[in-house]
Amino acid sequence: MKFGKEFASQMVPEWQEAYMDYDFLKKLLKELQGFKHRTKPPANPGGLKRKLTLYRAFSGLTQRHHNPTSPCSTDIESQPILVNSVNRNGSQSYETTFMMSSDEGGEYELVYFRRLDDEFNKVNKFYRAKMQEVIKEADVLNKQMDALIAFRIKVENPPGINFDRSVEMTRLASDIAASTAALSAATPSEARSASKRALHLEAIEESTHGQADGDDDAKDEKERNTPIQETKPPKLKIRPASLEVLDRVKMNNTFETPLSTIKGVLNVPNYTDLSFSRENLRKVEEQLKRVFVEFYQKLRLLKSYNFLNTLAFSKIMKKYDKITSRNASKSYMKMVDNSYFGSSDEVTKLMERVETTFIKHFSNANRAKGMNILRPKVKRERHRITFSTGFFAGCAASLLLALIMIIRIRKIMDSRGRTIYMETMFPLYSLFGFIVLHMLMYAINIYYWRKYRVNYAFIFGFKPGTELGYREVLLMSFGLGALALASVLSNLDMEMDPTTNEYKTFTELLPLNLVLFILIILFLPFNILYRSSRFFLLTCLFHCICAPLYKVTLPDFFLADQLTSQVQAFRSLEFYVCYYVWGDFKRRENTCKDSEVFNSFYFIVAVLPYVSRFLQCLRRLFEEKDPVQGFNGLKYFLTIVAVCLRTAYKINKGIGWRIIAWIVSAIAAIFCTYWDLVYDWGLLNRHSKNRWLRDKLLVPYKKIYFGAMGLNVLLRFAWHQSVLNFSLSLHPETLTTIVASLEIIRRGIWNFFRLENEHLNNVGKYRAFKSVPLPFNYDEDDDKED
């Protein structure tokens with residue numbers, strides 16, 4: 001793989017704008033190379049093409065001329081570039097002076113170095129800013145660890161007073177001091193000297209911890225003049241952690257519950273006094289554990305950012321040297337190494353301190369266990385998943401083909417029991433069709449999110465390493481599809497048994513058994529069949545049900561939006577209850593549609609997903625004070641009214657119901673379509689550089705966006721057939737199922753562009769991490785907020 005592609009694939013997706021623009025610099029070098037080829041003098045005919053270096057004087061196998069002195073002025077003047085550090089607007093930046101601009105093609109090289117400087121200054125500035133954030137977070141973690149250790153002493157009451165107060169946290173504190181000194185340094189040389197001083201101070205602090213302070217400079221001079229010899233490490237005078245910190249600390253109530261929501265409405269403080277119990281200690285340790293894991297991931301990504309950009313600058317300068325036959329890479333990379341970006345080692349030191357602290361305090365000194373948590377293994381694609389997916393896909397395709405052939409050969413569509421089957425069994429089995437179709441659309445979404453580097457795992461907040469890939473989702477969808485099709489094939493009886501005047505009980509119960517099987521799998525507590533993903537889905541579903549009582553996050557309202565496209569599936573579940581509880585399933589008889597209770601729940605079940613989404617918008621309006629959420633809630637309120645009117649027309653008929661349902665449905669569809677395109681997808685921007693789209697697009701083909709917009713409008717109005725009563729030679733249940741399937745397809749298209757827009761918003765704000773709540777709240781933090 002070429003470096004450009006490897007470089008792009010290894011980027012942190014949300015930071016891609018902060019990386020060096022390698023492709024653009026490579027393009028500038030190609031223009032320079034093209035100019036040199038055009039102006040290159042013709043080679044001697046019949047002569048061999050030899051590099052000019054072949055005609056230099058031979059330097060010898062051993063060094064003939066040893067000159068220990070510094071390079072003379074003529075060597076400096078012969079260098080192609082000169083890199084200087086300059087101060088612009090109070091910030092340090094670097095500027096390259098090209099010394100051979102008078103050469104042929106020099107203007108191309110001037111443009112190249114100007115853009116190269118811009119890229120390096122951008123990278124250096126971003127890295128410095130992120131390091132400042134990291135150091136502040138490390139300082140906060142120091143205080144949290146002080147409180148944790150004191151809390152642990154209070155709870156466990158260890159014997160003896162000489163309790164070790166975590167040498168690791170002392171080192172972490174000294175590292176922060178070193179980082180702060182380096183960040184405040186004005187020049188790279190000052191940064192390095194400050195870092196060295198901090199390192200020396202760290203060594204002194206560790207060796208004299210708990211002893212009286214002495215004259216550090218005198219000790220340094222003495223150490224320099226004393227010959228190096230093997231010495232015993234000094235004894236550490238261990239002192240216990242101070243419990244005074246607990247007087248200034250309260251516990252944050254970070255666990256989201258309906259009670260915490262009510263307290264928030266009543267402006268009750270979100271923290272409580274300390275209660276020294278083992279249960280609270282366990283909760284605090286779990287919270288800090290998550291905080292340290294998230295902090296460590298940030299350090300890893302910063303280290304990767306540093307390494308990749310350094311490698312990219314080295315690669316692009318080597319390419320420049322190769323094209324121009326100059327030796328500029330050495331001078332430029334020396335500047336890179338001397339800059340804060342190249343010389344800073346705070347990330348590595350902080351990573352070491354975090355690893356030591358985490359292993360000691362959160363993994364019982366088990367390094368393997370601690371490192372497995374801090375550095376979860378990359379999820380490997382397993383061949384058995386691919387094989388199983390293909391197997392179940394083949395089974396589903398074979399069963400579908402067999403079903404079509406049996407229906408044609410036995411002429412089931414012309415049998416007498418066809419009408420009863422369509423009114424009873426078809427709604428039962430259509431439920432599985434809706435679920436499988438939605439899962440297939442989600443698998444397609446995952447495939448294209450990965451292809452266009454949309455960080456869906458971060459956006460949804462999946463635990464690292466537990467997110468499902470498209471193969472896993474396809475495996476589950478094809479497996480469920482094969483089971484559903486096998487059940488349909490087993491239950492194609494159109495006539496009752498003449499001896500009993502009943503259908504077979506076993507086959508009639510197959511749909512219900514399959515539903516129960518799905519529910520059992522969903523709630524299965526054992527660590528099989530993607531337990532983490534199943535519990536994540538159940539948690540989000542519970543938050544949707546209790547919408548106004550839980551803080552609304554993206555996974556919650558994203559799932560609620562999915563449920564609004566599964567209205568017909570909820571109605572099928574309602575029919576399950578009515579058919580198997582109050583109906584005679586052995587004879588395929590029921591009076592569901594004649595029941596007032598059933599018709600009442602027919603309304604309620606249809607609007608429940610929209611009500612949940614409406615309440616989520618109200619919650620966000622209350623918390624964020626954003627009027628956009630109010631308009632979003634109005635959109636769902638109009639949809640609720642439209643669904644109720646369409647349902648009323650379907651039950652009662654009548655021209656009056658039809659006109660009202662059509663008008664309200666049209667208004668709701670127009671409002672929802674506009675919201676989809678403008679707010680959810682971020683499109684229809686007239687002043688964008690991509691006219692009528694948006695400035696940044698992940699899909700390189702603009703026609704895809706215009707096609708998706710047109711298809712979204714078309715499918716949004718598909719539900720109007722229930723009001724317009726198009727004359728189609730299809731059974732009403734078949735037509736309803738087709739329209740519901742089209743809505744699921746529309747939702748699948750919406751999913752991709754909605755998450756693409758969310759990803760681009762994260763990229764614009766460099767959001768690559770989730771904020772994890774801290775367990776302790778210091779009194780001085782409240783004073784700062786006041």
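**Salt bridges and a helix face**

Guide: Welcome! In this predicted model, arginine 416 and glutamate 495 form a salt bridge, with 3.8 Å between their closest N and O atoms.

Visitor: Why is the contact between arginine 416 and glutamate 495 called a salt bridge?

Guide: The closest N and O atoms are 3.8 Å apart, and the cut-off is within 4 Å for a side-chain nitrogen of Lys or Arg and a carboxyl oxygen of Asp or Glu. The pair therefore qualifies.

Visitor: What makes this pair a link between distant parts of the chain?

Guide: Arginine 416 sits in the loop between α14 (383-409) and α15 (418-451), while glutamate 495 sits in the loop between α17 (470-490) and α18 (505-508). They are 79 residues apart.

Visitor: How do you know whether arginine 416 is buried or exposed?

Guide: Its relative accessible area is 73%, and exposed means over 50%, so arginine 416 counts as exposed.

Visitor: How do you know that arginine 588 and glutamate 508 form a salt bridge?

Guide: Their side chains meet at 2.9 Å, N to O, which is within the 4 Å limit. Arginine 588 lies in the loop between α22 (567-581) and α23 (596-624) and glutamate 508 in helix α18, so the bridge ties together parts 80 residues apart in sequence.

Visitor: Why are arginine 588 and glutamate 508 called buried?

Guide: Buried means under 20% relative accessible area. Arginine 588 has 3% and glutamate 508 has 0%, so both count as buried.

Visitor: And what makes arginine 716 and aspartate 676 a salt bridge?

Guide: Their closest N and O atoms are 2.8 Å apart, again within 4 Å. Arginine 716 belongs to helix α26 and aspartate 676 to helix α25, 40 residues apart. Both residues are buried.

Visitor: Which residues of α26 are buried?

Guide: They are Tyr705, Ala708, Met709, Asn712, Leu715 and Arg716.

Visitor: Why are they said to lie on the same side of α26?

Guide: Because they cover an arc of only 140 degrees around the axis. These buried residues pack against α25 (655-680) and α28 (732-764). The face turned away from the buried side carries the exposed residues Lys703 and Leu714.

Visitor: How does the reach of α26 compare with the expected span?

Guide: Helix α26 (residues 702-716) has 15 residues and reaches 21 Å from its first C-alpha to its last. At 1.5 Å a residue, 21 Å is expected, and the helix is close to that.

Visitor: How many salt bridges does a search of the whole structure find?

Guide: The search finds 26.

How values were computed: Residues numbered from 1 in each chain as written. Predicted model: local features only at pLDDT ≥ 70, side-chain atom pairs only at ≥ 80, totals over all residues. Heavy atoms only, no water. Helix = DSSP H or I, 4+ residues; strand = E, 2+ residues; numbered from the N terminus. Expected span 1.5 Å × (residues − 1). Buried < 20%, exposed > 50% of the residue type's maximum accessible area, 1.4 Å probe, protein only. Arc of directions from axis to C-beta. Contact = heavy atoms within 4.5 Å.
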